[in-house]
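Good morning, and thank you for coming.

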Amino acid sequence: MRTPDPAGAPLLELHGLRKSYKLGEVDVHALNDLSLTLRVGEFTALVGASGSGKSTLLNMAGLIDEPDEGEVLLEGVNVARLSDDARSLLRNEKLGFIFQSFNLLPVLDVGENVELPLLLRKGMSPLERRDRVDQALEDVGLGSLKKQVPDKLSGGQRQRVAIARALVTHPALVLADEPTANLDSETTHRIVDLMIDLNAKRGVTFLFSTHDEKLMQRVNRIVHIRDGKIVNGKVP
Amino acid sequence: MSWTLAGRNLWRSKRRTAVTALAVALGVAGLSLAAGYVFRVKNYMTVWSIYHNYTGHVSVYKKGGLESAAVRPRTFTLTPSDLALLQKLSNEISSGGNRVERVVPFLLGTGLAGNGCKTMPFSARGMPVDFERWMRSHPAVLQWTPELAAVKLGVGLGGSSSLNGVVVGQGLLALLTKDPSLFSGAKTSSFVPDCSLPADVEKLRFDANIQLASTGFEGEFGVVDAELVGSFSSGYADVDASILSAPLNLLRQLYGTENATSAAIYLSNATEAPSFARELSERAKAAGAEWDTYVYDDVDVAPVLVGTLTFLYTLGAAIAVVLCGLASLTILNTMTITVSERTREMGMLRSLGFRKKDLTRLFVKEAVLCLAGGALLGMAIAFLAASIINAMNFRFKPPGIADTMQFLIVLSPSVLFAIALVLGALGALATLVAVRGKVNEPVAKLLSSTGA
């Protein structure tokens, strides 16, 4: 994987984030004055027990939830309080998502699934979209399965498609919530290899949550989170 | 690609899509058939009013004449100079296009018709002889009221060489004890009957001559001889018992006048009637004429038309509201289920950058596609049903109508298109209602849903 430049520009800055949810009658404080800085090129794992706030932190970083308090700076711009449309635009341009359960559309083939985020790029021609899709599928080693439907793919192949979809927009940051949780160990190994490869060769910055200890050994930074706070954000 | 995505999502839930489309189809078919019947009746009644009831597309009376011509004909009828001016103004308005087909004077009156032994009241309408022939062969009459187009017996006013030939309603023919076969050659020559002799009374049945008597416009008593040349149906049983159509000159002779009770203007395009009437009123006023002008659907000149259509439209609207409501609820139900099943998918799309309105549009497109399929199927069902019903030639006799009427469904493409548009709009609205709640949920909540 790439070794990030510690003096490099911060890509993502989270300052003093607080977020609470109502669970029945009980208030759950998912984030409790959390701060984190992520630099370009980092390959960072978020580690913590269930309910520690990993998913909530990823939601804040991914602009799919708003903090009650605090700032979220993406490439130096405070994005926490932007309008819904503005955040949607940023997600499309700057961020990529990989989900635990792949979240591919079964009615579209592999190529069409990867193309989905590009449909929102008004200035992009169909030819450009096709080229991007082809490149993204080549990057994940699925160039020959473009016309296949997701139901006919293995778990590992589906996750590769999801990775291709996350990368096709050339995002600054890819967020993944337990990307290997539904995969067997061999497939997990291959997916992690792919992610590391993309980080090293393409400089894609990754932030993902995981319980996988073998994966933790392969990252260049582990961030421990407990009770909604960072307890250890150091490079291993 | 969004239409492709919408279509494939519909295909993904084939059974649900089919059931929803079928519900929409039945709604569209029901609406179309109801509209087709209303359309048929509307055109039947309108043509009946304009042509068979002689209102024309625009009627012109002396000011106050509609109400008072019957009791004070000398003052409230159109004079020859009125009629000449009307023809002139109509030509002026129509110049450059063929807007006016005819300007026809009518003379209305009542009196007594006698067969030599019996006397019956009549209600007469005098008209130019060639008008009646023109009216009965008019394309609108042949299309919408074919049952009334031809005279039932004999010939129309212009079909006989007799200058005094009159055509009577079927009811009046019977009241005058005339035998229908007198129109097919069984006629006897005129004679003075002894009404006490049964043989003479029997012979009268084949005597085509009748006498018309009335008080004239100047108060004098007038009598003319007329020859029965035909019998027709006015469309109304009550009217048939007294109606009589006569040459204009014959009635002018009877009533001792050169005036006309009204004039009817027949246009080539009925939709131009209001603008023509307005323009005619303005020009008449400028020329110093004191007339009342009515459009054919004015309740004062066509109370039966207006009353019937008001009832039909009200009933049709009630049916439309119910059917549209059912179709909308079906769409609402289907889309609500669809949305709840695809909550996580919505979250994924939002995470990729799809905005709330992008998602809303996607679901609306699915609803529109489903509606379009249902609408097309519904129209096909409506066409098939209408073809079968019309081919069965089911006839019925509405209350007060002289003859039987065929139960016809006439499907109008513009009405079908309007139904499709309305249902499309309602379906889109129902989808917006179904989608709105979920689309506005936070993306994180959508992603954590267990739906799909």
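The torsion about the S-S bond of B:C117 and B:C195 is about -100°, so this disulfide is left-handed. The two sulfur atoms lie 1.8 Å apart, where a disulfide is defined as a pair of cysteine sulfur atoms within 2.5 Å. A search over all chains of the whole structure finds 1 disulfide. The pair connects distant parts of the chain, 78 residues apart: B:C117 sits in the loop between β2 (100-114) and β3 (119-127) of chain B, and B:C195 in the loop between α8 (170-175) and α9 (198-204) of chain B. Helices here are DSSP runs of H or I with at least four residues, and strands are runs of E with at least two, numbered from the N terminus.

Before I continue, please note that this is a predicted model, in which local features need pLDDT of at least 70 and side-chain atom pairs count only at pLDDT 80 or more, while totals for chains, interfaces and linings use all residues. Residues are numbered from 1 along each chain as its sequence is written, chains are lettered from A and ligands numbered from 1 in the order in which they are written, and side-chain values use heavy atoms, with hydrogens and water left out.

Are the cysteines buried or exposed? B:C117 is partly exposed, with a relative accessible area of 30%, and B:C195 is partly exposed at 37%. On this scale, buried means under 20% relative accessible area, exposed means over 50%, and partly exposed lies in between, with a 1.4 Å probe and protein chains only. B:C324 takes part in no disulfide; its nearest cysteine sulfur, that of B:C370, is 16 Å away. B:C370 is likewise in no disulfide. B:C324 counts as buried because its relative accessibility is 11%, and B:C370 counts as buried at 7%.

The largest pocket holds about 910 Å³. Its lining has 42 residues, and those nearest its centre are B:L108, B:G109, B:S123, B:A124 and B:R125. Elements giving two or more residues to this lining include α2 (14-52), β2, β3 and α13 (303-341) of chain B. As for the terms, a 1 Å grid is laid over the protein atoms alone: a cavity is a set of points where a 1.4 Å probe fits but cannot get out, a pocket is an open set with protein on both sides within 12 Å along at least five of seven lines, and lining residues have an atom within 4 Å of a point.

How many cavities of 30 Å³ or more does the structure hold? There are 3. The largest cavity has about 120 Å³ of space, and among the 14 residues lining it, B:L10, B:T17, B:T334, B:T338 and B:E366 are closest to its centre. At least two lining residues come from each of α1 (2-12), α2, α13 and α15 of chain B; α13(B) gives the largest share, 4 residues.

Two further helices deserve a word. Helix α14 (residues 343-351) of chain B is mostly covered, with 8 of its 9 residues buried; among them are B:M346, B:M348 and B:L349. Just after α14(B), B:G353 adopts a positive phi of about 115°.

Finally, B:I388 lies in helix α15 (residues 356-392) of chain B, and counts as partly exposed because its relative accessibility is 47%.

Definitions and conventions
Grid points are joined across faces, edges and corners, and a volume is the space filled by probe spheres set on the points.
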